[in-house]
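Q: Could we go through this structure together? I would like to begin with the helices and then turn to the aromatic rings.

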Amino acid sequence: MSVLHTPVLLEAVLQWLRIRPGGTYVDATVGTGGHAIEIARRLGAGRLVGIDRDPQALEITRERLQEHADKVVLVHAEFSRIGEVAATLKLPPIDGVVADLGISTLELDTPERGFSFRFPAPLDMRMNPDSPLTAADIVNHWPEKELADLLYLRAEERNSRRIARAIVRARPIRDTQHLATVVAGVQKVRGRQKLHPATKTFLALRTAVNREEEELEQFLSWTPATLNLGGRWIVLSYHSLEDRMVKRAFQQLEREKTFRILTKKVIQPNLDEIRHNPRSRSAKMRVAEKVAEKLAAAGGEEMSSA
């Protein structure tokens with residue numbers, strides 16, 4: 001199964017998660033189950049909930065985790081709905097949450113999903129095929145200014161206005177390779193480039209189609225209440241905007257004295273892991289531990305965990 005996602009920083013995740021055989025854990029972006037299968041193997045009477053909005057990934061994970069079916073529940077949902085999922089399943093306070101953000105190998109290496117410019121494919125980019133908005137809608141119909149703002153705000157693309165102008169002039173954009181060619185044609189080459197000139201454009205489109213910033217913001221807001229005291233919260237991010245959001249959320253929780261940041265320096269893959277899994281090279285992992293419940297705004301009483 002070449003589409004299986006190689007779990008990033010697997011040993012570090014398992015070490016920092018500090019798995020108890022009887023504990024309750026959530027893989028909030030379970031994907032094809034790379035982290036989940038190793039968590040499940042370490043559980044006894046405990047429970048693992050895997051959440052993902054990609055039904056294709058969930059089917060693969062369900063098959064991979066068949067031998068652990070008695071302790072694993074898979075849920076088709078956005079990870080921002082972690083509080084709702086915990087309440088629906090009547091979970092006890094959770095002992096550990098893992099979220100591996102970004103795109104999976106399954107999505108990236110399935111041409112018809114439209115996430116990669118390596119193949120001529122439809123401009124789709126939806127993680128959840130039921131979502132209404134596609135990359136084609138944005139590329140071929142959004143006004144030039146909105147398109148430029150999207151590229152700048154979502155991917156920090158410095159040539160956003162030039163790229164947006166070129167896209168509008170080239171409409172209709174037929175497929176992913178057509179888009180990549182249009183973008184590359186207006187990008188200035190600065191020495192030896194590590195990234196394809198269209199990388200940031202594709203990132204901006206993908207995050208907009210899947211509302212990734214909005215979903216992450218909600219996930220960062222709802223997760224604290226679901227965790228048990230002493231529960232660990234691990235987030236792996238892959239670009240600066242995501243990592244900045246996670247860092248600021250963790251810092252705010254530490255200021256509120258409800259969480260303690262365990263990774264004062266961000267954890268990144270070593271050279272050996274990057275050689276074996278080049279897609280891990282941009283990963284950054286942050287870990288926090290819940291140390292107290294948040295006090296209610298009035299009366300000072302403690303709020304119960306969700």
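The conversation below takes up a pair of helices and then the aromatic rings.

Q: Before we start, what kind of model is this?
A: This is a predicted model.

Q: How is a pair of packed helices described?
A: One gives the angle between the two axes and the distance between those axes.

Q: Then what are the values for α1 and α2?
A: The axes of α1 (residues 10-17) and α2 (residues 34-41) come within 11 Å, and they cross at roughly 45°.

Q: Is the crossing left-handed or right-handed?
A: The crossing of α1 past α2 is right-handed.

Q: Which residues meet there?
A: From α1, Leu 10, Val 13, Leu 14 and Leu 17 take part; in α2 they meet Gly 34, His 35, Glu 38 and Ile 39. The residues of this contact comprise 5 nonpolar, 2 polar and 1 charged.

Q: Now the rings. How many aromatic pairs are there?
A: The count comes to 5 aromatic pairs. One of them joins Phe 79 and Phe 219, which are stacked with 4.6 Å centre to centre and 20° between the planes.

Q: Where do Phe 79 and Phe 219 lie?
A: Phe 79 is in the loop between β3 (72-76) and α4 (82-88), whereas Phe 219 is in helix α11 (residues 212-226), so the pair ties together parts that are 140 residues apart in sequence.

Q: Are Phe 79 and Phe 219 buried or exposed?
A: Both Phe 79 and Phe 219 are buried.

Q: Which residues do the ring pairs link into a cluster?
A: The cluster consists of Phe 79, Phe 219, Trp 233, Phe 250 and Phe 259, linked by ring pairs.

Note on methods: Residues are numbered from 1 along each chain as its sequence is written. This is a predicted model: local features need pLDDT of at least 70, side-chain atom pairs count only at pLDDT 80 or more; totals for chains, interfaces and linings use all residues. Side-chain values use heavy atoms; hydrogens and water are left out. Axes are lines fitted to C-alpha atoms, for helices over the stretch in contact, and angles run from 0 to 180 degrees between N-to-C directions. Helices (H or I, at least four residues) and strands (E, at least two) are DSSP runs, numbered from the N terminus. A crossing is left-handed if the near helix is turned anticlockwise from the far one by less than a right angle, and right-handed if clockwise. Contact means heavy atoms within 4.5 Å. Ala, Val, Leu, Ile, Met, Phe, Trp, Tyr, Cys and Pro count as nonpolar, Asp, Glu, Lys and Arg as charged, and the others, Gly among them, as polar. Rings of Phe, Tyr and Trp (its six-membered ring) pair if their centres lie within 6.5 Å; planes under 30 degrees apart count as stacked, over 60 as edge-to-face and the rest as tilted. Buried means under 20% relative accessible area, exposed over 50%, partly exposed in between (1.4 Å probe, protein chains only).
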